[in-house]
Amino acid sequence: MPYDLTTLAARADENAQENSSRSLVQPIYQSTVYAFSDLDDLERAMSGESGAAFYYRNGTPNRSTLERAIAALEGTEDAVATSSGMSAILAGFLAVLQAGDHVLADARVYGGTYALLTEELPRLGIQVGWTDVSDLNAVEAAWQPNTRLLHLESLTNPLLTVADVPRLAELAHARGGLVSVDNTFASPAVFRPAVHGADLVSHSLAKYLNGHATAMGGVLAGSRELMALARTRAVRLGGTISGFDAWLTVQGLKTLGLRMRAHSGNAQAVADVLENHPRVRRVHFPGLSSHPQFKLAADLFPHGFGGMMSLEVEDAPGFVKRLQGKIPLAPSLADVATTLSYPWGTSHRALPEARRLEQGITPDLLRLSVGIEDVGDLLGDLEAALGE
Ligand SMILES: *Cc1c(COP(=O)(O)O)cnc(C)c1O
(Lines give C-alpha, C1' and ligand atoms only; values in the text may rest on other atoms or scores of the structure.)
Protein backbone atom coordinates (compact mmCIF):
# COMPACT_ATOMS: atom_id res chain seq x y z
CA MET A 1 0.00 0.00 0.00
CA PRO A 2 1.60 3.29 -1.09
CA TYR A 3 0.15 5.44 1.72
CA ASP A 4 -0.96 4.81 5.27
CA LEU A 5 -4.71 4.39 5.80
CA THR A 6 -4.84 7.71 7.68
CA THR A 7 -3.58 9.50 4.55
CA LEU A 8 -5.86 7.62 2.17
CA ALA A 9 -8.85 8.42 4.41
CA ALA A 10 -7.97 12.12 4.74
CA ARG A 11 -7.81 12.31 0.93
CA ALA A 12 -11.12 10.51 0.39
CA ASP A 13 -12.39 13.54 -1.53
CA GLU A 14 -9.35 13.69 -3.78
CA ASN A 15 -11.38 13.31 -6.99
CA ALA A 16 -13.50 16.32 -6.08
CA GLN A 17 -11.73 18.76 -8.40
CA GLU A 18 -12.92 16.79 -11.42
CA ASN A 19 -15.96 19.05 -11.20
CA SER A 20 -15.92 22.22 -13.28
CA SER A 21 -16.07 24.57 -10.28
CA ARG A 22 -12.82 23.07 -8.82
CA SER A 23 -14.36 23.21 -5.33
CA LEU A 24 -12.06 21.55 -2.79
CA VAL A 25 -14.93 19.43 -1.49
CA GLN A 26 -16.99 17.56 -4.05
CA PRO A 27 -20.46 19.13 -4.44
CA ILE A 28 -23.58 17.02 -3.89
CA TYR A 29 -24.93 16.15 -7.32
CA GLN A 30 -28.67 16.43 -6.92
CA SER A 31 -29.58 15.51 -10.48
CA THR A 32 -31.30 12.28 -11.49
CA VAL A 33 -29.94 12.38 -15.04
CA TYR A 34 -26.96 13.64 -17.09
CA ALA A 35 -26.89 15.10 -20.59
CA PHE A 36 -24.63 14.00 -23.46
CA SER A 37 -23.13 15.95 -26.34
CA ASP A 38 -23.79 13.28 -29.01
CA LEU A 39 -24.64 9.63 -29.49
CA ASP A 40 -20.98 8.52 -29.23
CA ASP A 41 -20.68 10.30 -25.88
CA LEU A 42 -23.88 8.56 -24.72
CA GLU A 43 -22.60 5.19 -25.94
CA ARG A 44 -19.32 5.58 -24.02
CA ALA A 45 -21.29 6.25 -20.81
CA MET A 46 -23.82 3.44 -21.32
CA SER A 47 -21.14 0.83 -22.12
CA GLY A 48 -19.19 1.87 -19.01
CA GLU A 49 -16.17 2.89 -21.10
CA SER A 50 -16.08 6.53 -19.99
CA GLY A 51 -17.27 5.89 -16.43
CA ALA A 52 -19.56 8.93 -16.79
CA ALA A 53 -22.75 9.07 -14.76
CA PHE A 54 -26.01 8.89 -16.73
CA TYR A 55 -28.85 7.99 -14.33
CA TYR A 56 -28.95 8.22 -10.53
CA ARG A 57 -29.84 4.57 -9.79
CA ASN A 58 -26.87 3.35 -11.85
CA GLY A 59 -24.34 5.68 -10.23
CA THR A 60 -23.57 9.24 -9.24
CA PRO A 61 -20.31 11.19 -8.86
CA ASN A 62 -20.74 11.21 -5.05
CA ARG A 63 -21.23 7.45 -5.00
CA SER A 64 -18.14 6.92 -7.22
CA THR A 65 -15.97 9.03 -4.92
CA LEU A 66 -17.14 6.99 -1.93
CA GLU A 67 -16.55 3.69 -3.74
CA ARG A 68 -13.01 4.64 -4.77
CA ALA A 69 -12.20 5.75 -1.24
CA ILE A 70 -13.50 2.52 0.35
CA ALA A 71 -11.67 0.32 -2.17
CA ALA A 72 -8.44 2.15 -1.30
CA LEU A 73 -9.05 1.74 2.46
CA GLU A 74 -9.96 -1.97 2.24
CA GLY A 75 -7.16 -2.70 -0.27
CA THR A 76 -9.53 -4.07 -2.94
CA GLU A 77 -9.79 -3.44 -6.69
CA ASP A 78 -13.30 -2.03 -6.48
CA ALA A 79 -16.29 -1.35 -4.20
CA VAL A 80 -20.05 -0.91 -4.63
CA ALA A 81 -21.97 1.49 -2.39
CA THR A 82 -25.63 0.72 -1.68
CA SER A 83 -28.62 2.06 0.24
CA SER A 84 -27.82 0.23 3.51
CA GLY A 85 -25.55 -2.39 5.05
CA MET A 86 -28.27 -4.99 4.46
CA SER A 87 -28.50 -4.22 0.74
CA ALA A 88 -24.70 -4.48 0.46
CA ILE A 89 -24.75 -7.91 2.13
CA LEU A 90 -27.65 -9.02 -0.09
CA ALA A 91 -25.89 -7.77 -3.24
CA GLY A 92 -22.86 -9.83 -2.21
CA PHE A 93 -24.95 -12.95 -1.59
CA LEU A 94 -26.81 -12.59 -4.90
CA ALA A 95 -23.55 -11.95 -6.76
CA VAL A 96 -22.19 -15.39 -5.89
CA LEU A 97 -25.15 -17.63 -4.92
CA GLN A 98 -27.88 -19.24 -6.95
CA ALA A 99 -30.67 -21.76 -6.37
CA GLY A 100 -29.17 -25.05 -5.20
CA ASP A 101 -26.08 -23.43 -3.62
CA HIS A 102 -25.37 -23.65 0.10
CA VAL A 103 -24.17 -20.74 2.24
CA LEU A 104 -22.56 -21.42 5.59
CA ALA A 105 -22.84 -18.61 8.15
CA ASP A 106 -21.52 -17.96 11.61
CA ALA A 107 -24.31 -18.36 14.18
CA ARG A 108 -23.46 -14.97 15.77
CA VAL A 109 -24.17 -12.79 12.73
CA TYR A 110 -26.10 -9.50 12.94
CA GLY A 111 -29.86 -9.95 13.43
CA GLY A 112 -30.75 -8.47 10.03
CA THR A 113 -28.34 -10.88 8.33
CA TYR A 114 -29.77 -13.77 10.35
CA ALA A 115 -33.28 -12.85 9.13
CA LEU A 116 -32.08 -12.53 5.52
CA LEU A 117 -30.47 -15.96 5.71
CA THR A 118 -33.35 -17.73 7.48
CA GLU A 119 -36.36 -16.01 5.89
CA GLU A 120 -35.35 -14.80 2.42
CA LEU A 121 -32.57 -16.88 0.86
CA PRO A 122 -34.34 -20.25 1.33
CA ARG A 123 -37.31 -18.84 -0.64
CA LEU A 124 -34.89 -18.37 -3.55
CA GLY A 125 -33.78 -22.01 -3.30
CA ILE A 126 -30.49 -21.18 -1.53
CA GLN A 127 -29.68 -23.53 1.34
CA VAL A 128 -28.34 -22.11 4.59
CA GLY A 129 -26.23 -23.82 7.24
CA TRP A 130 -24.91 -22.50 10.56
CA THR A 131 -21.53 -22.92 12.14
CA ASP A 132 -19.16 -21.51 14.76
CA VAL A 133 -16.26 -19.88 12.90
CA SER A 134 -14.13 -19.77 16.06
CA ASP A 135 -13.89 -23.59 15.69
CA LEU A 136 -12.21 -24.51 12.39
CA ASN A 137 -13.10 -28.18 12.85
CA ALA A 138 -16.78 -27.24 13.13
CA VAL A 139 -16.55 -25.22 9.90
CA GLU A 140 -14.89 -28.13 8.13
CA ALA A 141 -17.56 -30.54 9.41
CA ALA A 142 -20.40 -28.23 8.33
CA TRP A 143 -18.97 -27.68 4.83
CA GLN A 144 -21.19 -29.27 2.15
CA PRO A 145 -20.27 -30.29 -1.42
CA ASN A 146 -22.46 -27.36 -2.66
CA THR A 147 -21.17 -24.78 -0.13
CA ARG A 148 -20.28 -21.76 -2.20
CA LEU A 149 -19.89 -19.07 0.46
CA LEU A 150 -18.85 -18.71 4.10
CA HIS A 151 -20.28 -15.56 5.72
CA LEU A 152 -19.02 -14.17 9.03
CA GLU A 153 -18.18 -10.99 10.96
CA SER A 154 -14.59 -10.00 11.69
CA LEU A 155 -15.70 -8.89 15.19
CA THR A 156 -19.10 -10.07 16.39
CA ASN A 157 -21.91 -8.28 18.16
CA PRO A 158 -22.08 -8.04 21.14
CA LEU A 159 -19.40 -10.35 22.58
CA LEU A 160 -16.54 -9.36 20.25
CA THR A 161 -15.55 -12.80 19.03
CA VAL A 162 -12.61 -12.48 16.61
CA ALA A 163 -12.67 -14.42 13.33
CA ASP A 164 -9.41 -15.99 12.15
CA VAL A 165 -10.01 -14.71 8.61
CA PRO A 166 -6.66 -15.91 7.14
CA ARG A 167 -7.27 -19.53 8.16
CA LEU A 168 -10.97 -19.46 7.34
CA ALA A 169 -10.17 -18.09 3.86
CA GLU A 170 -7.60 -20.85 3.36
CA LEU A 171 -10.13 -23.48 4.43
CA ALA A 172 -12.87 -22.09 2.14
CA HIS A 173 -10.59 -21.57 -0.88
CA ALA A 174 -9.21 -25.10 -0.58
CA ARG A 175 -12.83 -26.31 -0.99
CA GLY A 176 -13.63 -24.02 -3.91
CA GLY A 177 -15.68 -21.59 -1.81
CA LEU A 178 -15.57 -17.86 -1.19
CA VAL A 179 -15.50 -15.89 2.07
CA SER A 180 -17.67 -12.88 2.86
CA VAL A 181 -16.73 -10.78 5.90
CA ASP A 182 -18.93 -8.14 7.51
CA ASN A 183 -16.25 -5.74 8.76
CA THR A 184 -18.63 -3.16 10.29
CA PHE A 185 -17.46 -3.51 13.92
CA ALA A 186 -13.76 -3.28 13.07
CA SER A 187 -13.54 -0.74 10.20
CA PRO A 188 -10.57 -0.98 7.80
CA ALA A 189 -8.48 1.04 10.28
CA VAL A 190 -8.55 -1.94 12.64
CA PHE A 191 -8.69 -4.82 10.16
CA ARG A 192 -8.71 -5.25 6.39
CA PRO A 193 -10.25 -8.67 5.64
CA ALA A 194 -9.45 -8.67 1.90
CA VAL A 195 -5.75 -8.28 2.66
CA HIS A 196 -6.11 -11.49 4.72
CA GLY A 197 -7.89 -13.47 1.98
CA ALA A 198 -11.59 -12.50 2.20
CA ASP A 199 -13.35 -12.24 -1.18
CA LEU A 200 -16.22 -9.94 -0.15
CA VAL A 201 -16.04 -7.26 2.56
CA SER A 202 -19.18 -5.43 3.67
CA HIS A 203 -19.95 -2.47 5.91
CA SER A 204 -22.91 -0.59 7.22
CA LEU A 205 -21.82 2.98 6.45
CA ALA A 206 -24.06 4.16 9.30
CA LYS A 207 -21.39 2.93 11.74
CA TYR A 208 -17.64 3.79 11.81
CA LEU A 209 -17.22 4.82 8.17
CA ASN A 210 -19.62 7.74 8.50
CA GLY A 211 -18.85 7.88 12.20
CA HIS A 212 -21.25 10.68 13.14
CA ALA A 213 -24.62 8.86 13.07
CA THR A 214 -25.82 10.98 10.14
CA ALA A 215 -25.80 8.74 7.03
CA MET A 216 -27.50 5.53 5.91
CA GLY A 217 -25.73 3.32 3.42
CA GLY A 218 -23.73 0.19 2.81
CA VAL A 219 -20.68 -0.85 0.88
CA LEU A 220 -19.31 -4.06 -0.54
CA ALA A 221 -15.63 -4.31 -1.51
CA GLY A 222 -13.77 -6.96 -3.50
CA SER A 223 -12.28 -7.88 -6.88
CA ARG A 224 -13.30 -6.09 -10.07
CA GLU A 225 -15.00 -9.28 -11.24
CA LEU A 226 -17.10 -9.84 -8.10
CA MET A 227 -17.96 -6.15 -7.84
CA ALA A 228 -19.27 -6.13 -11.43
CA LEU A 229 -21.64 -8.97 -10.46
CA ALA A 230 -22.67 -7.23 -7.22
CA ARG A 231 -23.16 -3.85 -8.93
CA THR A 232 -25.55 -5.41 -11.45
CA ARG A 233 -27.61 -6.93 -8.61
CA ALA A 234 -27.63 -3.74 -6.55
CA VAL A 235 -28.73 -1.63 -9.56
CA ARG A 236 -31.47 -4.09 -10.53
CA LEU A 237 -32.78 -4.30 -6.97
CA GLY A 238 -32.75 -0.52 -6.71
CA GLY A 239 -30.49 -0.45 -3.66
CA THR A 240 -29.25 3.06 -4.47
CA ILE A 241 -27.38 5.20 -1.94
CA SER A 242 -28.43 8.85 -2.00
CA GLY A 243 -25.86 11.42 -3.06
CA PHE A 244 -26.25 13.18 0.27
CA ASP A 245 -25.57 10.02 2.29
CA ALA A 246 -22.57 9.20 0.09
CA TRP A 247 -21.29 12.76 0.54
CA LEU A 248 -21.79 12.68 4.34
CA THR A 249 -19.89 9.39 4.49
CA VAL A 250 -16.98 10.80 2.48
CA GLN A 251 -16.77 13.75 4.92
CA GLY A 252 -16.81 11.30 7.84
CA LEU A 253 -14.19 9.05 6.24
CA LYS A 254 -11.60 11.83 6.19
CA THR A 255 -11.06 11.44 9.93
CA LEU A 256 -11.38 7.64 10.05
CA GLY A 257 -7.71 7.11 10.91
CA LEU A 258 -7.76 9.63 13.75
CA ARG A 259 -11.16 8.58 15.04
CA MET A 260 -10.31 4.89 15.18
CA ARG A 261 -7.08 5.62 17.04
CA ALA A 262 -9.12 7.58 19.62
CA HIS A 263 -11.93 4.98 19.80
CA SER A 264 -9.39 2.17 20.27
CA GLY A 265 -7.33 4.02 22.87
CA ASN A 266 -10.37 5.03 24.92
CA ALA A 267 -11.92 1.55 24.72
CA GLN A 268 -8.69 -0.06 25.90
CA ALA A 269 -8.49 2.32 28.88
CA VAL A 270 -12.18 1.83 29.77
CA ALA A 271 -11.88 -1.97 29.49
CA ASP A 272 -8.75 -2.03 31.68
CA VAL A 273 -10.45 0.01 34.43
CA LEU A 274 -13.91 -1.60 34.32
CA GLU A 275 -12.51 -5.13 34.32
CA ASN A 276 -11.29 -4.50 37.85
CA HIS A 277 -14.40 -2.68 39.07
CA PRO A 278 -16.30 -4.52 41.84
CA ARG A 279 -19.72 -3.78 40.26
CA VAL A 280 -18.68 -5.18 36.86
CA ARG A 281 -18.83 -8.95 36.55
CA ARG A 282 -17.24 -9.21 33.15
CA VAL A 283 -15.88 -7.11 30.29
CA HIS A 284 -15.84 -8.55 26.77
CA PHE A 285 -13.14 -6.74 24.79
CA PRO A 286 -10.54 -8.29 22.44
CA GLY A 287 -7.76 -6.10 23.87
CA LEU A 288 -7.98 -7.71 27.34
CA SER A 289 -5.77 -10.69 28.11
CA SER A 290 -8.90 -12.31 29.64
CA HIS A 291 -10.52 -12.40 26.17
CA PRO A 292 -10.42 -16.03 24.96
CA GLN A 293 -8.88 -14.95 21.64
CA PHE A 294 -6.56 -12.23 22.91
CA LYS A 295 -3.54 -13.63 21.08
CA LEU A 296 -5.35 -13.95 17.74
CA ALA A 297 -6.79 -10.44 18.17
CA ALA A 298 -3.33 -9.00 18.88
CA ASP A 299 -1.93 -10.72 15.76
CA LEU A 300 -4.74 -9.57 13.46
CA PHE A 301 -5.31 -6.07 14.90
CA PRO A 302 -1.85 -4.56 15.47
CA HIS A 303 -3.16 -0.95 15.65
CA GLY A 304 -5.81 -1.39 18.37
CA PHE A 305 -9.09 -3.21 18.82
CA GLY A 306 -11.74 -0.61 17.95
CA GLY A 307 -14.31 0.96 20.25
CA MET A 308 -16.85 -1.80 20.86
CA MET A 309 -17.17 -3.76 24.12
CA SER A 310 -19.81 -5.42 26.29
CA LEU A 311 -20.19 -5.35 30.04
CA GLU A 312 -22.02 -7.57 32.49
CA VAL A 313 -22.91 -5.22 35.32
CA GLU A 314 -24.80 -5.42 38.59
CA ASP A 315 -28.13 -3.60 38.26
CA ALA A 316 -28.09 -2.94 34.50
CA PRO A 317 -31.38 -0.91 34.58
CA GLY A 318 -30.02 1.40 37.32
CA PHE A 319 -26.69 1.83 35.50
CA VAL A 320 -28.50 2.88 32.30
CA LYS A 321 -30.71 5.34 34.21
CA ARG A 322 -27.79 6.93 36.06
CA LEU A 323 -25.98 7.53 32.74
CA GLN A 324 -28.85 9.54 31.27
CA GLY A 325 -27.79 13.00 30.16
CA LYS A 326 -24.25 11.67 29.70
CA ILE A 327 -24.24 8.42 27.78
CA PRO A 328 -27.47 7.81 25.83
CA LEU A 329 -29.18 4.45 25.36
CA ALA A 330 -29.33 4.19 21.57
CA PRO A 331 -29.58 0.97 19.56
CA SER A 332 -26.76 1.67 17.09
CA LEU A 333 -23.01 2.20 17.38
CA ALA A 334 -19.83 3.93 16.27
CA ASP A 335 -20.78 7.56 16.82
CA VAL A 336 -18.02 9.92 17.99
CA ALA A 337 -19.92 10.16 21.30
CA THR A 338 -20.20 7.11 23.55
CA THR A 339 -23.53 5.26 23.42
CA LEU A 340 -24.98 2.26 25.23
CA SER A 341 -27.18 -0.44 23.80
CA TYR A 342 -29.10 -3.38 25.20
CA PRO A 343 -28.62 -6.50 23.02
CA TRP A 344 -31.17 -8.58 24.97
CA GLY A 345 -33.99 -6.16 24.14
CA THR A 346 -32.89 -4.81 20.74
CA SER A 347 -30.40 -6.42 18.33
CA HIS A 348 -30.98 -9.96 19.60
CA ARG A 349 -34.63 -9.87 20.68
CA ALA A 350 -35.73 -11.90 17.64
CA LEU A 351 -33.51 -14.82 18.74
CA PRO A 352 -35.22 -17.44 20.92
CA GLU A 353 -34.38 -16.85 24.58
CA ALA A 354 -32.51 -20.15 24.91
CA ARG A 355 -30.36 -19.28 21.90
CA ARG A 356 -29.55 -15.84 23.36
CA LEU A 357 -28.48 -17.36 26.68
CA GLU A 358 -26.49 -20.08 24.91
CA GLN A 359 -24.52 -17.33 23.12
CA GLY A 360 -23.84 -15.50 26.40
CA ILE A 361 -26.36 -12.70 25.77
CA THR A 362 -27.99 -12.20 29.17
CA PRO A 363 -30.42 -9.57 30.54
CA ASP A 364 -27.45 -8.01 32.42
CA LEU A 365 -25.36 -7.44 29.30
CA LEU A 366 -24.86 -3.91 28.01
CA ARG A 367 -22.94 -2.99 24.91
CA LEU A 368 -20.79 0.10 25.02
CA SER A 369 -19.76 1.92 21.85
CA VAL A 370 -16.85 3.91 23.25
CA GLY A 371 -16.53 7.36 21.71
CA ILE A 372 -13.68 9.82 21.32
CA GLU A 373 -14.39 11.99 24.39
CA ASP A 374 -11.66 12.80 26.89
CA VAL A 375 -10.98 9.45 28.55
CA GLY A 376 -10.93 10.94 32.06
CA ASP A 377 -14.41 12.43 31.57
CA LEU A 378 -15.68 9.16 30.18
CA LEU A 379 -14.30 7.07 33.03
CA GLY A 380 -15.68 9.58 35.53
CA ASP A 381 -19.21 9.22 34.10
CA LEU A 382 -19.04 5.41 33.97
CA GLU A 383 -17.63 5.04 37.48
CA ALA A 384 -20.17 7.47 38.94
CA ALA A 385 -23.02 5.48 37.34
CA LEU A 386 -21.65 2.17 38.62
CA GLY A 387 -21.55 3.48 42.18
CA GLU A 388 -19.03 2.86 44.95
C1 LIG B 1 -25.78 -2.16 11.39
C2 LIG B 1 -25.18 -3.43 10.91
C3 LIG B 1 -25.60 -4.06 9.72
C4 LIG B 1 -26.75 -3.56 8.89
O5 LIG B 1 -26.49 -2.35 8.32
P6 LIG B 1 -27.66 -1.31 7.93
O7 LIG B 1 -26.90 -0.17 7.37
O8 LIG B 1 -28.42 -1.01 9.17
O9 LIG B 1 -28.52 -1.99 6.91
C10 LIG B 1 -24.97 -5.22 9.32
N11 LIG B 1 -23.98 -5.76 10.07
C12 LIG B 1 -23.55 -5.20 11.20
C13 LIG B 1 -22.46 -5.85 11.96
C14 LIG B 1 -24.15 -4.03 11.68
O15 LIG B 1 -23.73 -3.49 12.83
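## Aromatic pairs

Phe 305 is buried, at 12% relative accessibility. The model is predicted. Phe 301 is buried too, at 1% relative accessibility. Both residues belong to one aromatic cluster, together with Phe 191 and Phe 285.

The whole structure holds 5 aromatic pairs. In one of them, the ring centres of Tyr 114 and Trp 130 lie 5.1 Å apart. Their planes meet at 40°, so this pair is tilted. Tyr 114 sits in helix H5 (residues 111–120), and Trp 130 sits in strand S3 (residues 127–131). The pair therefore ties together parts that are 16 residues apart in sequence. Tyr 114 is buried, with a relative accessible area of 19%. Trp 130 is partly exposed, at 29%. Phe 301 and Phe 305 make an edge-to-face pair, because their planes stand at 70°. Their ring centres are 6.4 Å apart.

## An open sheet

4 strands form an open sheet. Their order is S8-S9-S11-S10, and the pairing is antiparallel. Strands S8 (280–284) and S10 (339–341) stand at the edges. Each has a single partner strand, so one side of each is left without a neighbour in the sheet. From one strand to the next, the twist averages 25°.

Strand S10 is joined to strand S11 (residues 365–369) by 3 bridges. These two strands run antiparallel. Ser 341 stands opposite Arg 367 in S11.

## A surface patch

Leu 39, Leu 42 and Met 46 form a nonpolar patch on the surface. Together they have about 310 Å² of accessible area. Met 46 is found in helix H2 (residues 39–46). Met 46 counts as partly exposed, at 48% relative accessibility.

Note on methods
Residues numbered from 1 in each chain as written. Predicted model: local features only at pLDDT ≥ 70, side-chain atom pairs only at ≥ 80, totals over all residues. Heavy atoms only, no water. Pairing = 2+ DSSP bridges. Axes fitted to C-alpha atoms, helices over the stretch in contact; angles between N-to-C directions. Patch = residues over 30% accessible without salt bridge, like charges linked within 9 Å, V, L, I, M, F, W, Y side chains within 5 Å. Areas by Shrake-Rupley, 256 points an atom, 1.4 Å probe, with all protein chains shown as cover. Salt bridge = Lys/Arg side-chain N within 4 Å of Asp/Glu carboxyl O. Buried < 20%, exposed > 50% of the residue type's maximum accessible area, 1.4 Å probe, protein only. Phe/Tyr/Trp six-rings, centres within 6.5 Å; stacked < 30°, edge-to-face > 60°.
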